[in-house]
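Here is a short report to read alongside the structure. Keep both in view as you go.

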Amino acid sequence: MAVIGKQTRKVDGLELITGQAKFTGDYRFPGMVYGAVKRAGVPAGRLTGVDAEAARAIQGVVDVLTAADIPGPNLIGVLPPFDQPLLAANEIRYAGESVALVIAETAEEARRAADAVSVSIEPYEPILTMDQALAPDARKIHETGNVTLSKKLIKGEIEPAFETADVIVEGTFETSFQEHAYLEPETVCAVPGRRFTLYASCQSPFHIRGHVAANLNAPASSVKVIQASTGGSFGGKDDVATEIGSLACIAAQRLNRPVMIAHERKESIIGSNLRHAARIRIKTGAMSDGKIVARQIHVLLDGGAYASESPFVTMKTLIHAAGPYRIENVAVESTSVYTNKTYCGAFRGFGVPQVTFASESQIDELAEKLGIDRLEIRRINGLRAGDPNATGQVYDQSVGLLETIEEIAKQPAGSEQTTDDRYVYGTGYASVAQGISNGAEGVDVTGASVQMSQDGSVLVGIGLTELGQGSRTVYALIAAEVLGVDVDSVSVRLVDTDAVHDSGPTVASRSTTVGGMAVHKAATEVRTSLVSMAALMFKTDQENIELRDGFAILKMDDSARIPIREVATAAYWTGFPVMNLAFSKAPDANFDDETHQGNVYIAYNYGTHRMDVRVDRRTGEVDVLNHFAAHDVGRVINPLGLEGQVEGASLMGFGLAHMERIRYADGIIQNANFADYAVPSIKDRIPTTTIAVEDPNPTGPFGAKGAGEPPVAAAAAVFANAIADAVGVRFTRLPITREDILDAVRGRDDG
Amino acid sequence: MRYLKPSSVEEAADLLESSQGMILAGGTDLCVYMAEGVVDPEALIDIGDLDAMRGIQAAKSDHGDVIRIGACTTIAEIATSEALPTCLRQGAQAVGSPQIRNLGTIGGNVCNASPCGDTLAPLLTLDARFVLRSSGGTRTVESGDFFTGPKQTVLGPGEILEFIEIPAASCARASAFRMIGNRKGQAISQVNAAVSLTIADGRMSDIRVAVGSVAPIPLRLTKLEGVLDGQPIDDVSLAAIREPVLEGIRPIDDVRSTATYRQEVTVSLVFDAWAECVGRASGEGECR
Amino acid sequence: MMIRFHCNGKPVQVDVEPNARVIDLLREDLGLTGTKEGCGRGECGACTILLDGKPVNACLLLVGKIVDREIVTIEGIAGEDGSLHPIQEAFLDTGAVQCGFCTPGMVLSAKALLDENGTPAVEAVEEALSGNLCRCTGYGKIVEGVLEASRRLTEGQDRGGG
């Protein structure tokens, strides 16, 4: 490999490091006005009136919109049921619900005027817990009831298996809501004209285009969405970007002026989706030799007020709940429910962190009960190539779980421990598998274009978005490798829905795998043209030509070389196509809808982590001494990018496991700011060491598999297991805060 | 909103009296309140650049030799000043972030009177006095009498905190500060604690212990001080201080922590601060 | 009111309300949009600029406070010829940039540190950057970036791109 696997700087880093990159909030257009929404402020009720008189009287205010002003259906959502209004018309389903949009000359005036809008709401008794939502006589939050989706996975027969089991462990585990906390709050800017141009901080521009057009009551082709530089997303800039993107376009149409809507931090927390809180009941039966014979799992997900991606997260938890193990008998039931809280949707990991915490905690409990080493029990049960997983899907290669376990097993022991009885020490292990691609969540198609100019430079276009994760660099490396050019000669264009193909959403760790395949395919077609041309120029057969180091080279004589740019120029004038638009379609998922047995994902990323912790018995403070994260990524495209993904995702998992909790009181979020919602600071970072296992994946470019999500789940689970090991108490709820740890230490000391 | 920049503290006091304005020092709290719409002052009276209100120097007051700190001295300057006792430097270092410490002032931290303000417990243990300026002149208030509730003080409507005075005698004692927050960096204290004491012949005297975030105002733990006074250092243990600490505090559950956690951690932080004092105390004091 | 100050080495004179926020002055009046607003409350550090060489939050700084003072923003740290500052080069080489929204503030906090302490220990780097949140990187590569910049600056040579 010439460039694949080599440490590579981010291809779009220069503009970011100099501050020149244009994020949405950095755009300025003549006559631009600003929007701000009035939010309900109560979690449930019937909207009986909106009085904007006082708001309209405020200096600078140019317009106030309510639900009646939406030309289209006033609905958004990522998938059916589309159940979320842009502006509430009748029902208030959560406190952050948008009720009116105020447009003013400045952002501050808009904000002040939005505060001045007066809304009349007849409050209902809010439904704030899953139990309240599922009570037989519960008020229906939506007409369809309070269950968003409920699905079952059935493999084998659990009951007889549990009867034969030597040991059974059971428990219930809970996780809290988590906020994405990307540093750039959601921002959009709509510019009217013959067609609309929407600049957006967003994750899936084509998805936005569809919703904006529908709500404008206009064809999709009348809307052009440009993804500006986007300051992080992690799953969070889908629904909300369609909401404010649609609102900005509607206002821009009414006023014939550019409209910017930029969320404040508080709005970013209360008014856009969170990670689902979960309650997971799990039961595992095993033989005395450690072999797991059955697992039964009930997953309940608190999805808040709207469906958003709850149905997909439900499916993801269903398929992942049993863990990366070879278990013959599995029964899972996953259910997502509506409550009167901020809606929940996609968040890096997509349900897998919640179920992995439950599953891996119980694997440790099982190991303890059986007296088997914790890595050994994962070895005994871990999936190998050829084993059917929970959905019965069999992969005959790229199942590298065991290698990740062995990599972890050979890491050096933890650092020296003091004998001071103030501190206790512990080590945890956790394994994870996470499906790559849309899989059970839908058809998976990506379009990508590769074109070579006559000077040999390359332009790649794809509809998947760069959100900081380094996907542009991955695409540049793939194109450079195929075309035999330097990565610096490859540019990856911004996502502009006019200029690139709809590539589906940028989700599910699919950018490298599915997107990379499309780039690979398009580049390969261009390569064929170049090789054909070079063969004519050398007067030889195509198989004698290779493209390398910016040259077409005769294989038998390394000194016989023609610069690629000359080949490209000749190819152009000869009529060989030097541009190609290719589509990559992942094999369709194919499974039984009742049992979810069948083929679901094109591949899984497998991982095993180890974490060593020191716990202060007096304060519950935790120091993470070591963290090893081994993942089977198929093939490393850019080690620098991979490490960045694993380190960042791991700290996010650590935050979920230890520090981050959305605090509600009566349906109102109490800590909607960065002072009280504790995102890890640089002093809270953990010392992650990334270990790459490469078991090539036949469905990915050069064998690669995505890696952006899986470390979240593994890092959260490994933290819980490390703390349990240190303190000697099993924790059943995330986050495990200092308060929780101290309570446990004291309870244990007193007992 | 008018923006007024007086050229002396006297002028600032006159402006404060004659307007509906608010004093702006560093602005790190006030700008947040304005952004939240909590306050909307008619005028801002910016005293941040008044040289007479900045800096740290030895001075003579009616009460004897003191270290005088201008109220507009930045938290960052406090945190790095060799002239100040350890607990106050440590407390200043615990405030916010580097960015906040470069803008924020000690006077602002005091007058904002948040129960979790990290310089407050240190000032209490150092017997600090606050010199308040109004158009009618100055008056001096003991730090222990200054705070009356969360974000409430004895400051009158036309009064400005001009100086903080720390008696030279306080500087002769060993001192230390500890805090714990909801994360390790840029954290707001869930609890903080400061201790200041003198050790001679293995026995403690002149003990001051103060804690923050465990009551509506920063508190001296006088019961604990009484228990420790005159005792040999070898007799102090976590167990020994536990009851007197818990008797002195009234923590609550809130968005940042729980009452139970605050109780436990207060004991630990007081003990750690005490242990650091003892480790360093050699009778020479700390001010260099 | 006419306000005079220095920005990125050049004198600036601008008619603006003294109670406006410096972040708005920079972004709206001067077009220096490299300074980012992540929270508006001094809690994230994305708006970090240097005021007389020290990092401060531009969202908590009022224009009246910068009269006759020197401000440096991300736009002001590259060389006259457009060459990157060694901290910028080091950040790119170590993978310290992901989404890039926290990056300008991180770079300026790092610059303030290295200007004062050319060879900081890891703990000093963490302390200096503790007011700058990043949600992408996990911070490890940012610390590496600062340490790498320190090495290059003390060696007196910048190896440049990589």
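## A seven-stranded sheet in chain A

Chain A holds an open sheet of seven strands with mixed pairing. The strand order is E3-E5-E1-E12-E9-E10-E11. Strands (E, at least two residues) and helices (H or I, at least four) are DSSP runs, numbered from the N terminus. Two strands pair if DSSP finds at least two bridges between them. Strand E3 (61–65) and strand E11 (223–227) of chain A stand at the edges. Each has a single partner strand, so one side of each is left without a neighbour in the sheet. On average, neighbouring strands of this sheet are turned by 20 degrees against each other, direction ignored.

Look at one pair in detail. Strand E10 (residues 196–200) of chain A runs parallel to E11(A), and five bridges join them. Within E11(A), Ile226(A) is the bridge partner of Tyr199(A).

## Helices on the sheet

Which strands does helix H3 of chain A touch? Helix H3 (residues 107–116) of chain A packs on the sheet and touches strand E1 (33–39), E3, strand E5 (98–104) and strand E12 (259–262) of chain A. Its direction makes about 25 degrees with that of E1(A). Such axes are lines fitted to C-alpha atoms, for helices over the stretch in contact, and angles run from 0 to 180 degrees between N-to-C directions.

Helix H7 (residues 239–255) of chain A packs on the sheet too. It touches E1, E3, E5, strand E9 (187–191), E10 and E12 of chain A. The direction of H7(A) makes about 30 degrees with that of E9(A).

## Chain A as a whole

This is a predicted model: local features need pLDDT of at least 70, side-chain atom pairs count only at pLDDT 80 or more, and totals for chains, interfaces and linings use all residues. Residues are numbered from 1 along each chain as its sequence is written, while chains are lettered from A and ligands numbered from 1 in the order in which they are written.

Chain A has 18 helices and 30 strands. For its 751 residues, a compact globule would have a radius of gyration near 27 Å, and chain A agrees with 27 Å. That radius is taken over C-alpha atoms; the globule rule is 2.2 Å times the number of residues to the power 0.38. Of these residues, 65% count as buried. Buried means that 20 or more other C-beta atoms, placed from the backbone, lie within 10 Å of the residue's own.

## Chain C

Chain C has five helices and five strands. Along the sequence, the pattern is β-β-α-β-β-β-α-α-α-α. The C-alpha trace of chain C spans about 45 × 30 × 25 Å along its principal axes. Buried residues make up 62% of its 162 residues.

## Where the chains meet

Contact means that the C-beta atoms of two residues, placed from the backbone, lie within 7 Å. By this rule, 40 residues of chain C are in contact with 40 residues of chain A. On the chain C side, H2(C) gives the most, with four residues. That side divides into 19 nonpolar, 14 polar and seven charged residues. Nonpolar covers Ala, Val, Leu, Ile, Met, Phe, Trp, Tyr, Cys and Pro; charged covers Asp, Glu, Lys and Arg; the others, Gly among them, are polar.

Chain B also touches chain A: 15 residues of chain B are in contact with 16 residues of chain A. Helix H12 (residues 259–280) of chain B gives the most to the chain B side, with four residues. This side has five nonpolar, six polar and four charged residues.

Note on methods. A residue is buried if 20 or more other C-beta atoms lie within 10 Å of its own, exposed if 12 or fewer, and partly exposed in between; C-beta atoms are placed from the backbone.
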